[in-house]
Amino acid sequence: MKILPNEFKPAHDLCFLIHDIMVELLKSGGESQAFNQTFELTQNEVESLDKSEDHIIDWLNENEKYKESSLVIRSTVLPALLSDMLHCVYEAMKASEKGKLTISYMLIRKPIQESLFVLESMILDHEQFIKDFANDQKKLSPSSAGGIEGHTKRIANVLDKLKLNTILSPEYIAQLRYSKASEDSFDGVCNKAMHLFTSHKSIKTESQNINFIFAKGEQFPSLWAYFYSRLPYLLYYIYQLVEFICAEIAPTSNNYLLHMQRWVSSKYIVAFPFVEDQYQCKHIDNLNLSFLIWLNNDCIKYGYEGLEKVDLVKLSLSGIYDDVGRV
């Protein structure tokens, strides 16, 4: 039974839109075999590979084909990791529809903390990612980053590569994912959803209480309000990061990317006014403003100038642009 209040449905639909775009990436990539890699080998190399009993990755490394090895590993890790992330996001959203918010916060923790950290590692340094993946996987754990400051530096480098450093905030993304000290963070809520008792001073379980167990219906609106005011921000970051990695492995057509950017921008602008005053902040406001500016400039390219916000959104959602395929 769905009990999600109407005021959260625009953000809920936005989250599912971003989820579905990434699902389509996996689906179309699999159908077109975009995650399969082929390489030119000499006859001697073919004979050597046929005789070898080593794993293909080991054989590539032994033959100093590090570029090929890196591409194979990333082409294998990306779809598997992304599929797992999207399963968690999907079930978190479906649980939210039914008011099972403990489950939502439990499920969203893994993709935004652990899985996303690995995706960031794939972008930051290909060679180091391969070494860590093969020999030292604890370095692919969020605990290896060096606290909030370390996460902020990593995310800043990722945003530089994505060219999103004026749109998204590395400090805020790190805070949302890992800060126990801030009230504006998933980490504290997710930990309380995961554990019956928490001892960290910032999220310590109250005396004679058990985390979330005694939560009643009147607490649901605030849990929904936080979930839907912040999750779109993180999902947009994840989506942009995934497309960046995919561009190196299985490139997507620019027309398709533009088409999806119009949809995501428009849906975000539609959802933004429903964010309650107490959950407004400069970071989500900046993203909303960036989408408005982007849509306005995009419409101008097609001869539509001087449009109000509502008309920008209507035009972008109207189907005025040709629908295009991902590949």
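What volume does the second largest cavity have? The second largest cavity has a volume of about 30 Å³, a cavity being a set of points on a 1 Å grid over the protein atoms alone where a 1.4 Å probe fits but cannot get out. This is a predicted model, in which local features need pLDDT of at least 70 and side-chain atom pairs count only at pLDDT 80 or more, while totals for linings use all residues. Residues are numbered from 1 along each chain, and side-chain values use heavy atoms, without hydrogens and water.

**Cavities**
- Lining residues have an atom within 4 Å of a point; the largest cavity has 16 of them, with Ala11, Tyr228, Ser229, Ala271 and Val275 nearest its centre.
- Helix α10 gives the most to this lining, with 4 residues, where helices are DSSP runs (H or I) of at least four residues.
- The second largest cavity is lined by Met22, Met85, Leu86, Val89, Pro111, Leu235 and Ile238, and α4 (66-97) and α10 each give two or more residues to that lining.

**Helix pair**
- The axes of α10 (residues 220-249) and α11 (residues 254-271), lines fitted to C-alpha atoms over the stretch in contact, come within 12 Å and cross at roughly 175°.
- That crossing makes α10 roughly antiparallel to α11, a label for angles over 145 degrees.
- Contact, meaning heavy atoms within 4.5 Å, involves residues including Tyr236 of α10 and Val264 of α11.

Note on methods: Axes fitted to C-alpha atoms, helices over the stretch in contact; angles between N-to-C directions. Parallel < 35°, antiparallel > 145°, perpendicular 65-115°, else oblique. 1 Å grid on protein atoms, 1.4 Å probe; cavity = no way out; pocket = protein on both sides within 12 Å on 5 of 7 lines; lining within 4 Å. Points joined across faces, edges and corners; volume = space filled by probe spheres on them.
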